Amino acid sequence: MSRYRISEIKLNIDESETILPSKIARKLGRVSGKIVPADIFDVEIVRRSIDARKGQVIRVYTVDFSCNKTLPLPEPPNTEYIIPFVGKFEDKTTEITCEGAGDGDGANGINVSEKDAVRPVVVGFGPCGMFCALVLARAGLSPIVIERGDDVETRMAKVEEFWRSGRLDPESNVQFGEGGAGTFSDGKLNTGIKDPRIRFVLETFVNAGADPDVLMDARPHIGTDALRGIVKRIREEIIALGGEVRFGTRLEGLDIDISIGSSNLEGDVARHTIRVSGPNGEESMECSAVVLALGHSARDTVRVLHAQGLKMEPKPFSMGVRVEHPQRLIDRGMYGEYAVFSAAGPDSTQEKNKPLLPPAYYKLSTKASDGRGVYSFCMCPGGEIVNAASQVGGVVTNGMSNHDRDSGFANSGILVDVRPEDYIEEMSMIPPELAGLAFQEKYEHLAFINGGGNYSLPTTTWSEYRSCFDSQPPTTTTNPVIASLPGFVARGIREAIPVFGQKIKGFNNDETIIKAIESRSSSPVRILRDKDSLQILPGIYPGGEGAGYAGGITSAACDGIKIAEKIIAQIIND
C-alpha cells in the first residue's frame, strides 16, 4: 500500500476537515481516473494555512494519505508538492545527524564514546543555547550552560513585579533568563529559513508540552503561558542527560590567545578557559568549546568580547513602534464577511464540526519616500504590548500573547530600516562595530525620559501622531513617541500607516494606540565566524540572534543545533 502527499487541498470556511478524503479524491480524479472517497484513508494533515487574500477566506492543506489504487507520479523535478499531481511520500522520520558521527546507537543517531574531553560550555539559555545544549546532552557530552538570568519561575515573578512597580532587575527580565526573550513573546515558530532541522525543533517543543498543531500550522505559535513550562521541561531533560544549567551566572571574559587566528579551525579540539561570575563569586572554567548564544540584548557581553579582539561587523536592523488595535477590527479587515467565524469577538459563530477561524494575522510592508522599507514585525493576534526593558534608564516594547490569543487586541511592531551608515555617522565617537548598540541605547533612553522616567512606555494615538507632522509648523518634538525616534524612522511611520489603512480598513483609525520604542528586532552587530566550521577561533562558536545569525525562535534553535553538530564532529574526529 503506497502513501502519498498532496498540496493545495482547499476547504471553504464552512466545510469540515472530515471531508478532506472527498476533496482529495475529487482532485485525484482529474488525473488518475475514477477515485472515490473510500479509496482514500489514513489522512494526516501535514500543513494548513488560511488564505484571505481574494475576498473569500479558505483553508489550504497539504496532507499525507494512503490510497487503494496506484497513482501516477509526476516526472522529475516535480516530485512532491506539485498540483494537481501527487508525490509518493515514503518517510517522515526526523533525524538529527552529525557529520562524522557514524552509526552509533545514541539519541538522534549520535553516539559519542567516552573520551577524556573537557565539557563544552554554552553561554545563554535562549533558543540557540537551549537546543545546542540539548543536542550536546543527547550525544553524551554533558554541556554546562551559563545563563545570566533566572530560572523561569523566579524570572516570571521578577518580570511581573517590574510591570507592577517599575523595579527593574537588569540581570533577570523580559530579555534575560530561562528561554531567552522568546519566553515573554508570542512564541511564534514560523520562519523564512529552509532547514531540515525545523521539524526536529517543532517535535521537541511538542514532546515538551506544546500543542501538536504547531506541527501542521503554517504560522505555528506556542504562546507565552505554554512556553514557560516547555522551556523548563527541556532544561530538565538536559540535566537528566548529564548536563548542567547555572542560572544567575554571566560571562565575564575569555582567556584565549587571539593570535591563534583561524587557520586550524578544523584541527584538534581546543582548550579554553572562560571567566564567569555567579552566586559563588568569580571563577574560571576550562572547556573544549564555547558557544556564544548571547541573545540580542547582551550588549555588555558583546562589548567585552569586542575589547578582547573578537572580530565583528555592523549590520542593518530596524526600529520603530508598536501599534495596537481591537482584534475584531483586524478580523473584519482581513476576513471581511467571514469575520463572524473568528474566535476573537462576542459575535463569533461556531457550528458543529466547523472550527472557528483564529484571530486574524497580518503582514504589511511599503516603502517610504526616502526608499527605506517600512513593515509590520512580530504581529501578535490576541496579544498585548509589554515593556521589555533590560537596561537601567531605558525602555523597549515587545508583543506578547498567550496560547489562546484571547486578549481581544492585536498588536504589531511597525519598523523602519536602519542602515549602518545611519548609526555610524550619528555615533561617530563609537567604534563602528558597536555604534548600533549605542544608537539603540540612545533612543531607548529618550523613550525612558519621554515616558516619565519611571519605565512607562511613551504612548500616543494615531490622530495625535499624524497631527504633529501635519500642523504648521510641525510640533513633532512635543509628542512623546515621535520625540523618542530618529527623525527618519518617525517620518517613515507617518507615511506608512495611511498606506496600511488602505490594505486593512481601520488600521489608521484615529484611536489606534502607538507605543515607543521597538528597537530590538535584531542585533545591530554580527560576530564573524567561518562559514563552514561556524567558529570565529578554534573552539569558539558565535550563534543565534545575538551573534547576527538568526531572526526568531526557530531559526535561532536551528543555528544552535548546527553548532552542536559541529562540536560533536570535532570531538569524534579528534
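Reply:
**Helix packing and strand pairing**

Helices α2 and α5 cross in a left-handed manner (the near helix is turned anticlockwise from the far one by less than a right angle). The model is predicted, with local features requiring pLDDT of at least 70 and side-chain atom pairs pLDDT 80 or more, while totals for chains, interfaces and linings use all residues. Residues are numbered from 1 along each chain as its sequence is written, and side-chain values use heavy atoms, without hydrogens or water.

Helix α2 spans residues 127-138 and helix α5 residues 224-240; their axes come within 9 Å and cross at roughly 30°. Axes are lines fitted to C-alpha atoms, for helices over the stretch in contact, with angles from 0 to 180 degrees between N-to-C directions. The crossing therefore makes α2 roughly parallel to α5 (under 35 degrees). Helices are DSSP runs of H or I with at least four residues, and strands are runs of E with at least two, numbered from the N terminus.

In contact (heavy atoms within 4.5 Å), Met130, Ala133, Leu134, Ala137 and Arg138 of α2 meet Val231, Ile234, Glu237 and Ile238 of α5. By class, seven residues there are nonpolar, none polar and two charged (Ala, Val, Leu, Ile, Met, Phe, Trp, Tyr, Cys and Pro are nonpolar; Asp, Glu, Lys and Arg charged; the others, Gly among them, polar).

Elsewhere, an open sheet of three strands is ordered β8-β9-β10 with antiparallel pairing (pairing needs at least two DSSP bridges). Seven bridges join β9 (residues 272-278) to β10, where glycine 278 stands opposite glycine 281.

Methods. Angles under 35 degrees count as roughly parallel, over 145 as roughly antiparallel, 65 to 115 as roughly perpendicular and the rest as oblique.
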